[in-house]
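Me: I would like to go through this model feature by feature. Please give the general idea where there is one, then the case at hand.

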Number of protein chains: 2
Amino acid sequence: MNIRVLRYAVSIVLAIFVAALSFGPATGADADKELLQRACGIFKALPKAMESDQNPVTPAKVKLGKMLFYESRISIDGTVSCAKCHPMSLYAADGLRKSIGNNCKVNPRNAPTLLNAADQISEHWIGNRTSVEDQAKQSVIGPPAFGMVKYEDVEKRLKEYAEYVSMFKEAFPADKQSVTVDNFAKAIGAFERTLVTPAAFDEYLRGDGKAIDQDQKTGLKTFMDMGCAGCHSGAFVGGQMYQKFGIVEPYWKYTKSGQIDEGRFAVSKVEADKYVFKVPILRNVEKTPPYFHDGSVDKLEDAVIIMGKVQLGRDITGQQTSAIVAFLKSLTGKIPDDALIIPVLPSIE
Amino acid sequence: MNIRVLRYAVSIVLAIFVAALSFGPATGADADKELLQRACGIFKALPKAMESDQNPVTPAKVKLGKMLFYESRISIDGTVSCAKCHPMSLYAADGLRKSIGNNCKVNPRNAPTLLNAADQISEHWIGNRTSVEDQAKQSVIGPPAFGMVKYEDVEKRLKEYAEYVSMFKEAFPADKQSVTVDNFAKAIGAFERTLVTPAAFDEYLRGDGKAIDQDQKTGLKTFMDMGCAGCHSGAFVGGQMYQKFGIVEPYWKYTKSGQIDEGRFAVSKVEADKYVFKVPILRNVEKTPPYFHDGSVDKLEDAVIIMGKVQLGRDITGQQTSAIVAFLKSLTGKIPDDALIIPVLPSIE
């Protein structure tokens, strides 16, 4: 048993132990209070924005970043923008098993939502993007994404639009050369750092016991009791660690994964990273099917049951599944109004 | 010389004759007044909405239609929605020579803007869609568009979303079966009928002589004097007739059209319809490159020069071209605020 699995086992045992402690005689208001206290020890309400010292969020960057988010004319075939795989209408995911990039190229994995995504340990399923800025930057030359060959070609295209040139200057006043792919990435990153979607669960964590209903409370308790919260914790209910997908049994036994994905092993080439993926955030999970790194599962109920089997070695009952799903729905939040307003893009003068 | 060409020749001669009449000694304020009067005889300010007796615009239809406009999950591969080829960020066109539909299929022609599009004699370049409703309906089973095989399959997918079912009921209260492709088309059509973009030119036509500048006035005069307004007239500056593309010389001599498109002949099989296309509207033309049915020309200046050559048999000078382009920019309008707000789509419950 390697250290990672050992650490995982210990965290599950601890979670169950803590859960057992709370199986006391508490009822009604006491039980409610206990549940909230316990939840506050594991989860956190969402921040207002996902700030970064490396890329402070400014209005000028956000405005430019939102425009660039919709800019398809900087992709090799003119069809790919960030919004293609992350449309706001579908909670910044695309509803596909795997996203389709330029010239119909299939991306290796399912497009995760960009909402609440900027404060994770890394981006992408296997953590091969260090930040949302890094993700934006690498996307433009990603062969199955925008498909551009050189960063300079992206910069050249951006410079064709006088409006962009002046907006870059305004957003990055200290830079002599402001129209760069790094600043492109920073602007998009700044926009993404505003994409926080407060939900009923945040109201609950802030002390409003009526913000979630009894089913959702039961689900929350089940989610913690079962050990789900061992990995899916914090403000984003995930996104803070890597974990093997298939601790107890191989994931492909239960998902409909046709091809086996070795996960983080592709990045690190370390044997222990085989089948290891970043634990996804569960904010808005109700709204972003299909599920898992390969989008192989359509229904949230099925995803919950499979997680029980392959991660916890447990058969989650129908009642427990319903309760957990009810809880997960309390994570569905409100997309910021500004992010729902389409920017009109410049034309060449 | 067939009757169509004869009619065209007469209209050009008449236009030039009328133009000659106005070459009087009028100067300054008088000339301005004359120009406005003449323009008002040829063009019209935009209506508030593009109403239809067959499909009255109601708020419930528009709300549903806007959601369906973004709905990609009813296409065969889950990637195509109306917004794919008509994104509002690019003035409801896509910036491509020819649009890309499901599974990377190339559409036969360039995607025209949907703004101000609903009051034309027909939709599509060759008039093979009778209305915006017909266009929406046929798109879902169009092989290079949404690519669905049967209308029933679209209806089945729509019915999976409880929110859509109740919205269809609300939008079409008299229908026993409200979730139908016909109503899908009516809802989208109703949304499109609101897509009117008032511009500086409308202010001018309503009597504000300062709404357009002197260059634009010169351009407007040139546009009428040259005969462009013989076809590009009315509220939409086009969209009201079919015309041969290449009256004087074949269009492919001057455009970069690799393949010859026989135009409306494909629909009618009438010899006289060879190379005949619907005269496109010029509203927002500045913002919707590339130009012509095959998107073969990138620059508006070049498109103007080519039109002079192949339609009018004239070499338009650089000065005249600049003036016409300046006038055409006065047709760039404001997209309605509501059309720029992205609807969040339902998920399966």
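Me: Through what surface do the copies meet, judging by the interface residues of chain B and chain A?

Reply: This is a predicted model. In it the copies meet through the same surface, because 100% of the interface residues of chain B are also interface residues in chain A. The contact involves 23 residues of chain B and 23 residues of chain A. On the side of chain B that touches chain A, the classes are 13 nonpolar, 7 polar and 3 charged residues.

Me: How is the relation between the two copies to be read, and what rotation superposes chain B on chain A?

Reply: In general, two copies of a chain are related by a rotation about an axis and a shift along it. Here chain B is superposed on chain A by a rotation of 180° with 0.0 Å of shift along the axis, and the RMSD is 0.0 Å. The two copies are therefore related as by a two-fold rotation axis.

Me: Which residue of chain B comes closest to the rotation axis?

Reply: That is B:Ile341, whose C-alpha lies 2.3 Å from the axis.

Me: Into which domains is chain A divided?

Reply: Domain 1 of chain A covers 3–42 + 199–329, and domain 2 covers 59–196. The C-alpha centres of the two domains of chain A are 30 Å apart. Their contact takes 24 residues from domain 1 of chain A and 21 residues from domain 2 of chain A.

Me: Which elements of chain A each supply at least two residues of the side of domain 1 that touches domain 2?

Reply: They are α11 (265–268) and β2 (276–278) of chain A. By class, that side of domain 1 of chain A has 11 nonpolar, 8 polar and 5 charged residues.

Me: At what angle do helix α3 and helix α8 of chain B pack?

Reply: Helix α3 (residues 59–69) and helix α8 (residues 181–192) of chain B pack at about 100°, and their axes are 7 Å apart. Angles of 65 to 115 degrees count as roughly perpendicular, and α3(B) and α8(B) are therefore roughly perpendicular to each other. Residues of α3(B) in the contact include B:Leu64, B:Gly65 and B:Leu68, while those of α8(B) include B:Phe184, B:Ala187 and B:Phe191. The contact divides into 9 nonpolar, 1 polar and 3 charged residues.

Me: Where is the peptide bond cis in chain A, and where in chain B?

Reply: In chain A the bond from A:Pro289 to A:Pro290 is cis, with omega near -5°. A:Pro290 sits in the loop between β2 and α12 (300–312) of chain A. In chain B a cis peptide bond joins B:Pro289 and B:Pro290, with omega about -5°. B:Pro290 is in the loop between β2 (276–278) and α12 (300–312) of chain B.

Me: What is the phi of B:Val237?

Reply: B:Val237 has a positive phi of about 55°, although it is not a glycine. B:Val237 lies in the loop between α10 (214–226) and β1 (242–244) of chain B.

Key: Residues numbered from 1 in each chain as written. Chains lettered and ligands numbered in written order. Predicted model: local features only at pLDDT ≥ 70, side-chain atom pairs only at ≥ 80, totals over all residues. Domains from an automatic or database assignment. Contact = placed C-beta atoms within 7 Å. Helix = DSSP H or I, 4+ residues; strand = E, 2+ residues; numbered from the N terminus. Nonpolar A, V, L, I, M, F, W, Y, C, P; charged D, E, K, R; others polar. Least-squares fit on C-alpha atoms with pLDDT ≥ 70 in both. Axes fitted to C-alpha atoms, helices over the stretch in contact; angles between N-to-C directions. Parallel < 35°, antiparallel > 145°, perpendicular 65-115°, else oblique.
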